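This report covers the surroundings of the ligand and a few points of backbone geometry. The sequence and the model come first.

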Amino acid sequence: TGLLDSLSGSPGPVITAPAKPDYGAVRKAIEDVLDVDGYDDGSYGPVLVRLAWHSAGTYDKASGTGGSNGATMRFAPESEHGANAGLAVARNLLEPIKAKFPWITYADLYTLAGVTAIEAMGGPTIPWAPGRSDAPDSTACPPDGRLPDASLGAAHIREIFGRMGFNDREIVALSGAHTLGRCHADRSGFLGPWTNAPTTFSNLYFQELVNNKWRKKRWSGPVQYEDKSGELMMLPTDMALIWDRKFKPVVDEYAKDEETFFKDFAAAFSKLLALGVPGQAA
Ligand code: ZEM
């Protein structure tokens, strides 16, 4: 039996881990599938970042349940939780890479894909280490409702991220990921991108929050905010970051100082992906 099979406790194909697994080769394979004309803004990077975040963001510090270890999002019911709508796109994109490098676990692959995407889109280097194993079935799936609800406010955000062990500053730093990608009506019900450069990792999200003017969008969809052009959007939880007197100064700081944002984001995202992983400080 291969090492990984004995770790996961499941029978199944014998996979012999190479003496020295080449994570650099996996990163290269991920980079090679990022850019595709005709998908969203031309990159799968943002949806891979969302996959990494949703695989890890279910962590509950008190019980030690949830988190990226296990890659339980492969299984129903977690794959069907409303918050995960659309993430099959990201999981399916990684299947050929998993087939090419069968020694890597899904749990390591999902998190490494997020890290690789952020770096490839111009973001900071994110400390990442392997060591996650794959759960054999849905038994370890976290309950629904562990991920944030975009229609709520600051108290909800603090409750959700506090459960994972994050403070106010880390919450604002992590939220800067919304500089990437967009909302899809058929996934979350919300619509549109946060910035005009959704495939470049930058502090533009914070600049837009602070310097643009936001008003409620008049439409039949869920409450969201738009700028004058009607092209950029903010979720109610995004607006909470400038309405809350403790979050706001951090938003201001990151809007002015991209270097500090990059440093804080790298530390917080790295911590997120390590939550509940054996042998990694959390
Ligand atoms: Zn998001 N996020 N997120 N997020 N997110 C969406 C998209 C993306 C919230 C949320 O409800 C939504 C973090 C925090 C929070 C990304 C990364 C990270 C969407 C749109 C919603 C509704 C989904 C769709 O329709 O496709 C809420 C409420 C959050 C906290 C309060 C954190 C933390 C993230 C990473 C560190 C990314 C990259 C996207 C864009 C995905 C894409 O497909 O373009």
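How do the residues of the shell around the ligand divide into nonpolar, polar and charged?

## Ligand shell

The shell residues divide into 14 nonpolar, seven polar and three charged. Here Ala, Val, Leu, Ile, Met, Phe, Trp, Tyr, Cys and Pro count as nonpolar, Asp, Glu, Lys and Arg as charged, and the others, Gly among them, as polar. Of the 24 residues around the ligand, Pro46, Ala150, Ala177, Gly181 and Ser188 come nearest; a residue is near if its C-beta atom, placed from the backbone, lies within 6 Å.

At least two shell residues come from each of helix H3, helix H7 (168-175) and strand E1 (182-183). H3 gives the most, with five residues. Because domain 1 (3-146 + 270-274) and domain 2 (154-267) both give residues to the shell, the ligand lies between them. The domain bounds come from an automatic or database domain assignment.

## Basis of the model

This is a predicted model, in which local features need pLDDT of at least 70 and side-chain atom pairs count only at pLDDT 80 or more, while totals for chains, interfaces and linings use all residues. Residues are numbered from 1 along each chain as its sequence is written.

Helices (H or I, at least four residues) and strands (E, at least two) are DSSP runs, numbered from the N terminus.

## Backbone geometry

Most residues other than glycine have a negative phi, and most peptide bonds are trans. A cis peptide bond, with omega about 10°, joins Ala76 and Pro77. Pro77 is in the loop between helix H3 (45-56) and helix H4 (88-100).

Ala71 lies in the loop between H3 and H4, and its phi is positive, near 50°.
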